[in-house]
Amino acid sequence: MKDRSSRRRARRIAIGTAVVVALAGMNGPALYRFGSEQYHEYTINKQEYKAENGHWKIMEFPEEYRQNTIHAAVLRTGKVLLVAGSGNDQENFDRKQFDTRLWDPETNKIKKIDTPTDLFCTGHTQLGNGNLLIAGGTKRYEKLEGDVTKAGGLMVVHNENPDKPITLPAGTRFTGKSNGKSFVSKDPVVVERAKKVFDPDTGRFLRNEPGLGRIYVEAARSGAEHETGAQDNYKVEGLKPADTRNTYGMAEKLALDKKDFQGIRDAFEFDPVAEKYIRVDPMKEARWYPTLTTLTDGKVLSLSGLDEIGQLVPGKNEVYDPETKEWEYTEGIRQFPTYPAVSLMQDGRLFYSGSNAGYGPADEGRDPGVWDLESNKFTKVPGLSDPKLMETSGTVLLPPAQDEKYMVIGGGGVGESDEASKRTRIVDLLADKPRFEDGPEMEKGTRYPQASILPDDSVLVSGGSEDYRGRGASDILQARLYDTEANSFKRVADPLVGRNYHSGSLLLPDGRVMFFGSDSLYADKANTKPGKFEQRVEIYTPPYLFRDSRPSLAGGPKKIERGGSATFTTRDSASVKSARLIRPSASTHVTDIDQKSIALKMTKTADGVTVTVPKSRNLVQSGWYMLFVTDDKGTPSKAQWVNVP
């Protein structure tokens, strides 16, 4: 995750020889291993094969519409927002070339969207009004050791004045009182006023607790002679005499070592009707790699991320109010690695599965558990197998959401580890004492697995790689469907394109699944040729869409209240078996907090179905949903979009 200086386009290893060695399992994916390329193509395109295993197709976008897609979300219009920002490309960043595309799966039309800042490695979630909240992104790219020419690092500015905050502009100079070396701030910083501390028993004033501000500083000149090796107190140049007495800097080592990516505070709502970004109040903290999680009241919790100096945000979480468009800190402090998989539970608490995308201490904030945000109490959930291999694992709320069972899939060691887990782990949060139990295993240890919930209550698990960012040509060209009732995997048709870091998947309103991205370090087994970002989009059509027919669904209202009912017409009422509300996905970095499938009570008439939405606000969050009905063969309708206010 730290080395992004090269890419590779994942390629599938050429298939077999012309001689068919074995033909066991004529309708199964094992056939991929045998026979000529021509026979392989013939087989996977046979109707009976597709009806058993599904089918993959690469979507060829015109050259001018291709991009390094890092983030994607299904919008309430049925279109898909594809966000690259600078696309993990330093040259794009330097040129301020930030990209977003809007793709319509129905017409295959693509539109370029003006992108206001670098939304590479941002966070996002669906809002109740149908907009997509997007917060954070990239302020500066990392610099590897050897590329850093000016010593730099974190300066903590202290303000001991209890009467007023102090603002230091970019370019403020700090000079060490002991080492005599000078450093210059790269950005402005506001340092809050000091807090008066009183004895709780006597009320007697004890001291001023200084306000603190964090800022990145660099040496005024290049060279190793400007490095520092110990903590020092720094004079802030250019202050008024009164402020000089109360304001000073403190810094540890300021050196030429590696500098991580730095985040931004910027936040936007993407309006799917106007098809544009709308700037809202910036976050309190700059964040790169944050997770956004919707709470009971429709507000959004922003967690983790690297800040404006490239350090992990120190547990300072904040909440966005869609009504005021403003952010406020939470009272409690709790730290997680970046892109933590944190979801709202049916009792209003939050569940952290342990899945994350990387940055953060190896021994802090990684244990899974249930978090009460109001009290800041965190209760660990035991039983997790391969607990040290949770980085780059995937987490999915198994359907139906009412069962509150989560599956954690694969994962790897911290950082650039070559370790990977082939396990799945399942936890029932409705149990008296929730505990992880192992589910079915995959054939290979898998980092970056993609998981998408389907309308028939199965889960498509595909892609990933055995090593960090696909090193050693380790992409896994396999897909499987998880059967929630049987607790088992079934191999299905293999994808055509490898997917590892910076990839994702989304359920489309027509029941197909879209896959995007992949950012391999190398393009060969020997790890000598730089990789290239995978710009192709691939669509998986599940087996259920290769049956004779699918149920229709039409009419009905666009809005259904919680606890309320609505009637939709269908000519296939007799065969309809179930109805599901599926929250549309917003996916990035093996993290998709939004997706969930909610079972609806259903009654049937001669030419329609009446569905009832559950009353729980924690289960059915405000927003737009895809409504599917599925027949007795497991074939879903196309989705109808409905809003739950």
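Guide: Tyr289 counts as buried because its relative accessibility is 0%, where buried means under 20% relative accessible area, exposed over 50% and partly exposed in between, with a 1.4 Å probe and protein chains only. Trp288 likewise counts as buried, because its value is 0%. This is a predicted model, in which local features need pLDDT of at least 70 and side-chain atom pairs count only at pLDDT 80 or more, whereas totals for chains, interfaces and linings use all residues. Residues are numbered from 1 along each chain as its sequence is written, and side-chain values use heavy atoms, with hydrogens and water left out.

A search of the whole structure finds 24 aromatic pairs, a pair being two rings of Phe, Tyr or Trp (its six-membered ring) whose centres lie within 6.5 Å, called stacked if the planes are under 30 degrees apart, edge-to-face if over 60 and tilted otherwise. One of them joins Phe270 and Tyr277 edge-to-face, at 5.1 Å centre to centre and with 75° between the planes, and both residues are buried. The pair of Trp288 and Tyr289 is stacked, because the ring planes stand at 15°, with the centres 4.1 Å apart. Trp288 and Tyr289 also belong to a cluster linked by ring pairs, together with Phe93, Phe120, Tyr141, Phe261, Tyr339 and Tyr359.

Rings also meet charges here. The charged end of Lys112 sits over the ring of Tyr65, 5.9 Å from its centre, and Arg480 lies over the face of Phe489, at 5.6 Å from the ring centre; the criterion is NZ of Lys or CZ of Arg within 6 Å of the ring centre and within 35 degrees of the ring normal.

Strand 4 (residues 99-104) and strand 5 (residues 109-112) run antiparallel and are joined by four bridges; strands are DSSP runs of E with at least two residues, numbered from the N terminus, and two of them pair if DSSP finds at least two bridges between them. Leu102 stands opposite Lys111 in strand 5, while four residues lie between the two strands of the hairpin, where Asn108 takes a positive phi near 65°.
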